[in-house]
Protein chains: 4
Amino acid sequence: MSARREATRQKLFEAAITLISEHGFGATTVDQIAERAGVAKGTVYYNFAGKAELFTALLEWGVDRLAEHLRAAVSGPPRAALTEVLRAELAFIGTHEAFARLLMAETWRTNQVWYAAVRQIRSKAIGVISGLLEELAAEGELPAGLDVGVAASALFGMVLTVALDWRTLQPDRPLEEVHTTVARMVEGMLRADDRSGETNGGPSLTPRRTPR
Amino acid sequence: MSARREATRQKLFEAAITLISEHGFGATTVDQIAERAGVAKGTVYYNFAGKAELFTALLEWGVDRLAEHLRAAVSGPPRAALTEVLRAELAFIGTHEAFARLLMAETWRTNQVWYAAVRQIRSKAIGVISGLLEELAAEGELPAGLDVGVAASALFGMVLTVALDWRTLQPDRPLEEVHTTVARMVEGMLRADDRSGETNGGPSLTPRRTPR
Amino acid sequence: MSARREATRQKLFEAAITLISEHGFGATTVDQIAERAGVAKGTVYYNFAGKAELFTALLEWGVDRLAEHLRAAVSGPPRAALTEVLRAELAFIGTHEAFARLLMAETWRTNQVWYAAVRQIRSKAIGVISGLLEELAAEGELPAGLDVGVAASALFGMVLTVALDWRTLQPDRPLEEVHTTVARMVEGMLRADDRSGETNGGPSLTPRRTPR
Amino acid sequence: MSARREATRQKLFEAAITLISEHGFGATTVDQIAERAGVAKGTVYYNFAGKAELFTALLEWGVDRLAEHLRAAVSGPPRAALTEVLRAELAFIGTHEAFARLLMAETWRTNQVWYAAVRQIRSKAIGVISGLLEELAAEGELPAGLDVGVAASALFGMVLTVALDWRTLQPDRPLEEVHTTVARMVEGMLRADDRSGETNGGPSLTPRRTPR
DNA sequence: AATGAATGAGCATTCATTCAT
DNA sequence: GATGAATGAATGCTCATTCAT
């Protein structure tokens, strides 16, 4: 892979990610991508097998960056780490709004060629959260009856929704304000075990795992 | 509006909602909609101004049903009502999976003709949740620093995400199992005020409103 | 099938047959076909599944006409009938030169989608000739050792080649002059049995059939 | 012309002849030719002016070999030589089936750049046959009224057709079986003069020449 | 009220050719 | 001599929309 080719692929990535997240996969044309990247249309096909493959490569690229970003936020005790990871997710979306819209819009499509790819890719990011929840579960800090897999996806989706609403409706609001609400909600969930014995239904104190 | 015409519109609705949620708005053709509805292509245009208008009508129809479904679940004290509303959302998505995918996929698109419509429509459903949160806030049952608007969108998005993951990855799992996790997470949040005074940062005890 | 649609298909046929036979299948564009037929490009696709299908339908249409033309020439004793059928083939090609070029050019392609169609279609025309040869064989008028299937294809190909050379190199020459040569060649073949016993190699006097 | 370059051209020839005869000129891409030849795409253009020129060179190369093959079969009295030449044509096609298909498919195209080249090239091969027919005509062994030029093209086309049908439909059949039928047909034609005086139309005993 | 044939702008994709290395 | 990245005109095909019936 020559350096020139690599540079071209990078330009195409950046052009495609913006356009697709703004107009969606279907409404973005290869002409637009090529023009924005400053190359000829044929160059798109010289570098990627097709529009769909460019899209898949793009998703992978984006989720890798997101996962990396989340992993970098993990430090210290799991409780604090979780709050930080969610802040990192919020921050990432603030910076890469275009990609987040793309992820939201295309993840829930069925019957698509790239369906499998999207699911697998998404789980990379959620994996960081569920890893922390596993640790908290091991320390008995999760409420009884909580399924770690479900909870991880719940937190991921919650933050994604909040973040996009933030960017869409109140883009000028500082991140911290938004994060406070998220943090409060999560704290409540985590501290639930402090009160276990009060009302929690009996002895099933161990969190449940997502069945396979 | 004749009964015959109304029946035709209904057939078109049902055909469109399934197809669009499976393949997306862009990838669904008017031909497919007409064929699935068992009418000629021209009939679509006799009954709707165009594909986009059919889509808008469809969203409205679906969100009205969702909001209605959620409102019907509101009863008793707000705390219990909130749990029930979220269960209702979960159940609605279980039954109208196609519509939920559609809502998720198209809500986050910018620069679309129906962007305004989608936002307005979506707020109908979220409104039911934020209504309950307002009541809880008035009773002092929400953690300090919690923004009701953000929290409502967070809960709505959380349940939507969980529900679609459930339908996609573990469709045979009973609703109750999934709901348990959601309920535990929300309970923690609500009970947070039981512990207020412990660690809450300072005097800002009243929940904040989402600024307009 | 409405009358209007049928008329459109006919216009497309006539446009396509001329263009394809002049420039070949690959070099003829759908734009050209539509323009020559005086319809919009989309109309081609409304009436045929695609370019290849239009081509297949075209071949079938042409070979049906050719076979019909050849059958119409069959009358009287088989010996005379054969001469007349070959004259009819020559005449048909004189009139439908474009189609004949098409048949020649595309019959011998392997690995094509329409390969099977072409073979089957071509055998319709050859069938008329082999039918006559069967009759002649039954009357003992064919030379020993002659395979009827091979001979029919030989005569068909011989006349096709001669006819196209005629149209290409000496288009002003009258048909009769060309037919004379063909007729002389065939007469020789048929009269071979007059001399059987002279030099024919042994007892295998019955013509052979093409093995399956 | 360096040895290396000559080797590259040879590789390109072999790759092109197979691909073009299998898929046709139009459907064969320069990429495919380069890949099959094991060289880079640019190398094709370094060695040939373009795709069309490669094709012309290819045809010439093939027809030269065919003509050479036919000439080598000429020996002894013209009557026997003719049978042998036709056997040689059959054998050549059995061995170079790909090239024969190519010749058949492209000879009959009008309006092509290489039209003139193809005709001229083809006449080399037919020339061997018409040469023998001229000799036979001089010895009075051809039927009256036979045009030598037409007859040569007829025999060439007849054998080409038979040969390709043989390779396509009954590739396992031995060459001799196919050749027997061809030989019988030609024998009949040649011996026709043995019977002249019987029914041949009057005094026009001298074969005619193809007018120019 | 419904139909379906026709339309044509728009799109993804292909591919012969060029050229800097 | 050879390479392969880049090009862009050309092409098959799609599909929302129109309209005469």
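The questions and answers below walk through the contacts in this predicted model.

Residues are numbered from 1 along each chain as its sequence is written, and chains are lettered from A and ligands numbered from 1 in the order in which they are written. In this predicted model local features need pLDDT of at least 70, side-chain atom pairs count only at pLDDT 80 or more, and totals for chains, interfaces and linings use all residues, while side-chain values use heavy atoms, with hydrogens and water left out.

User: How many residues from chain A and from chain B does the contact take?
Analyst: Contact here means heavy atoms within 4.5 Å. Between chain A and chain B, about 4600 Å² is buried, 55% of it on carbon and sulfur atoms; buried area is the accessible area (1.4 Å probe) that two parts lose on being put together, summed over both. The contact takes 49 residues from chain A and 51 residues from chain B.

User: Which residue meets A:Asp147 in a salt bridge?
Analyst: A salt bridge is a side-chain nitrogen of Lys or Arg within 4 Å of a carboxyl oxygen of Asp or Glu, and four salt bridges are counted between chain A and chain B. In one of them the N to O distance is 2.6 Å, and the side chain that meets A:Asp147 is that of B:Arg173.

User: Across the interface of chain A and chain B, which element gives the most to the side of chain A that touches chain B?
Analyst: The interface of chain A and chain B holds ten residue pairs in polar contact, both residues being at pLDDT 80 or more; a polar contact is a pair of N or O atoms within 3.5 Å, where within protein one must be able to donate a hydrogen and the other to accept it, and residues adjacent in sequence count only if both atoms are side-chain atoms. At least two residues each come from α1 (3-23), α6 (97-107), α7 (115-138), α8 (148-169) and α9 (175-191) of chain A, where helices (H or I, at least four residues) and strands (E, at least two) are DSSP runs, numbered from the N terminus. With 13 residues, the element that gives the most to this side of chain A is α8(A).

User: Which residue forms a salt bridge with C:Arg173?
Analyst: The contact of chain D and chain C takes 50 residues from chain D and 50 residues from chain C, and four salt bridges are counted between these chains. In the salt bridge of C:Arg173, the closest N and O atoms are 2.6 Å apart, and the partner is D:Asp147.

User: Which element gives the most to the surface near DNA strand F?
Analyst: A residue is near a molecule or strand if one of its heavy atoms lies within 4 Å of it, and 35 residues surround DNA strand F, the closest being A:Thr8, A:Thr43, A:Tyr46, C:Lys41 and D:Thr43. Sugar and phosphate account for 69% of the atoms of DNA strand F that come within 4 Å of the protein. With five residues, the element that gives the most to this surface is α3(D).

User: Which atom of DNA strand F lies 2.5 Å from a polar side-chain atom of C:Lys41?
Analyst: For A:Thr8, a polar side-chain atom lies 2.5 Å from a phosphate oxygen of DNA strand F, and for A:Tyr46 the distance from such an atom to a phosphate oxygen is 2.3 Å. For C:Lys41, the atom of DNA strand F at 2.5 Å is a base nitrogen.

User: What separates B:Glu84 and B:Arg87 in helix α5 of chain B?
Analyst: The count of salt bridges over all chains comes to 44, and one of them joins the side chains of B:Glu84 and B:Arg87 at 3.2 Å, N to O. Because B:Glu84 and B:Arg87 are three residues apart in helix α5 (residues 78-95) of chain B, what separates them is about one helical turn.
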